[in-house]
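Please look at the sequence and the structure below. The briefing that follows goes from the whole chain to single residues.

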Amino acid sequence: MVLELYLDLLSQPCRAIYIFAKKNGIPFQMHTVELRKGEHLSDAFAQVNPMKKVPAMKDNDFTLSESVAILLYLMHKYKVPDHWYPQELQARARVDEYLAWQHTTLRRSCLRALWHKVMLPVFLGEQVPSEMLATTLAELDMNLQVLEDKFLQDKAFLVGSHISLADLVAITEVMHPVGGGCPVFEGRPKLAAWYHRVEAAVGKDLFREAHEVILNAKDSPPANLIIKQKLMPGVLAMIQ
Amino acid sequence: MGLELYLDLMSQPCRAVYIFAKKNDIPFQLRTIELLKGQHYTDDFAQVNPLRKVPALKDGDFNLAESVAILLYLSRKYKAPDHWYPQDLQARARVDEYLSWQHTALRNCCTRAMWQKMMFPKYLGHSVPPEMLAATLAELDRCLQMLEDKFLRDQAYLTGSCISVADLVAITELMHPVSAGCKIFESRPKLEAWRQRVEAAVGEKLFQEAHAVVLKAKDMPPLMDPTLKKNLMLSLQYLLH
């Protein structure tokens, strides 16, 4: 049985896994779990991931959740080029450092920026107070500054001169507010240059393919009342 | 200059790093950074970790932040026994899965529970609305249930039959609400049995040593210094939402 990946490319961590698997020629069966239709809440999907979240992976009998764990599993199992997660002790520690830091910082503010700016009003018909949106965007700004100053600095990629898992995880996060219409790269030439390098390293076609869904997120048809009621508690918990 | 670990044993991730280093006889110089005194905001410490957080590691010229990264670095550099972070693909994936999940789940509710129940009212003289505390404790309860049902299940340890860094990270989190008087193990015999196993595997003496500071937190007199108080309230606002 070929590796199965349960993804919705609306989700940042799903995009990172999609790009990684495709870029490294890892054969997999794609199962799309449409978040906007509440498919992650189904009993069938709970068999794959009782946490009811994407991404999720199934390798024969072995199921795994959490994008960082899945990326590392794929990395180890399929023996991808070293630069993705370098063997060298300090370089690897830098990747680990980024992957740990991002959970509660960039990840959170990218998610909130997309949902406060676009998804809550457009998809769920919920107006977001302008002060809340302003606070969210300010936080995003602060985290982008840390990304530049602490992680990227004057390097080509986040942990050195080659692309790694850290760059994949970061770029897919940053594309979230981009999908929401936030001018993330405006006034940030260093970050914009990094973005172009990452896109080139991934390959423009693959990059575009992975980001088609998020770049159309603002055109999400409004959810009907039933779906809205189903999704709201999870959404609120997610963006808390 | 050898390995330096910048820690405050008030902090859960610092305790995990401390226990791991001591248990594996990793020689290090302990640099205590007292969070409640705002020592993480000094310019000196910013040289070590510009993110101004503990734990932080300095190994010669190499500085590293983030407890998970530090634990993995130490485990690799000092060749800790395999069970801490197994080579086996699936066993390792389970540890990675836990280490990833906990950032936004258990970590979050353990910190909130401890601060809302104890530190804000007793140390900072700021009472927390009962509904907020109730919601936080309910969330903690849900997380504990997930810890039992999804991770621990019928295993001896979180990711299998041996202790790993996942157990260290988890137990040090759980001691946070324990220090605030939350009786989290009382109605959870499975979790209590796991706690005893982890404590025995770590060694009772080391476990107590690592937790001495946080377990005494409830006896700390209220903070009087108005500047420190104001700064702490500001930086910890996020724990009240």
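The radius of gyration is taken over C-alpha atoms, and the globule rule used with it is 2.2 Å times the number of residues to the power 0.38. For 241 residues, a compact globule would have a radius of gyration near 18 Å, and chain B agrees with this at 18 Å. This is a predicted model, in which local features need pLDDT of at least 70 and side-chain atom pairs count only at pLDDT 80 or more, while totals for chains, interfaces and linings use all residues. Residues are numbered from 1 along each chain as its sequence is written, chains are lettered from A and ligands numbered from 1 in the order in which they are written, and side-chain values use heavy atoms, with hydrogens and water left out.

**Chain B as a whole**

- Chain B has 10 helices and 4 strands, where helices (H or I, at least four residues) and strands (E, at least two) are DSSP runs numbered from the N terminus.
- Along the sequence, the pattern of chain B reads β-α-β-α-β-β-α-α-α-α-α-α-α-α.
- A box of roughly 50 × 45 × 30 Å, taken along the principal axes, is filled by the C-alpha atoms of chain B.
- Of its 241 residues, 56% count as buried; buried means under 20% relative accessible area, exposed over 50%, and partly exposed in between, with a 1.4 Å probe and protein chains only.
- Among the contacts in chain B with a separation of 6 or more, 73% come from residues 24 or more positions apart, a contact being heavy atoms within 4.5 Å.

**An annotated span**

- The UniProt annotation "domain: GST C-terminal", from an unreviewed entry, covers residues 88-222 of chain B; UniProt positions are given in the numbering used here, feature names are shortened, and annotations may be inferred rather than shown by experiment.
- This span, residues 88-222 of chain B, is 70% helix and 0% strand, and its end C-alpha atoms lie 49 Å apart.

**Aromatic pairs**

- A pair of aromatic rings is described by the distance of the centres and the angle of the planes.
- Rings of Phe, Tyr and Trp (its six-membered ring) pair if their centres lie within 6.5 Å; planes under 30 degrees apart count as stacked, over 60 as edge-to-face and the rest as tilted.
- By this rule there are 17 aromatic pairs over all chains.
- A:Phe20 and A:Trp84 are edge-to-face, because their ring centres are 5.3 Å apart and their planes stand at 85°.
- A:Phe20 lies in helix 1 (residues 12-23) of chain A and A:Trp84 in the loop between helix 3 (67-78) and helix 4 (89-101) of chain A, 64 residues apart.
- A:Phe20 is buried at 0% relative accessibility, and A:Trp84 is buried at 3%.
- B:Tyr98 and B:Phe151 also form an edge-to-face pair, with 5.0 Å centre to centre and 90° between the planes.
- B:Tyr98 is in helix 4 (residues 89-101) of chain B and B:Phe151 in helix 6 (residues 130-152) of chain B, so this pair ties together parts 53 residues apart in sequence.
- B:Tyr98 is buried, with a relative accessible area of 0%, and B:Phe151 is buried at 3%.
- In chain A, ring pairs link A:Tyr98, A:Trp101 and A:Phe151 into a cluster.

**Around A:Asn49**

- A:Asn49 is in the loop between helix 2 (43-48) and strand 3 (56-59) of chain A, and is buried with a relative accessible area of 2%.
- Leaving aside neighbours within four places in sequence, A:Asn49 is in contact with A:Ala56 and A:Ser65.
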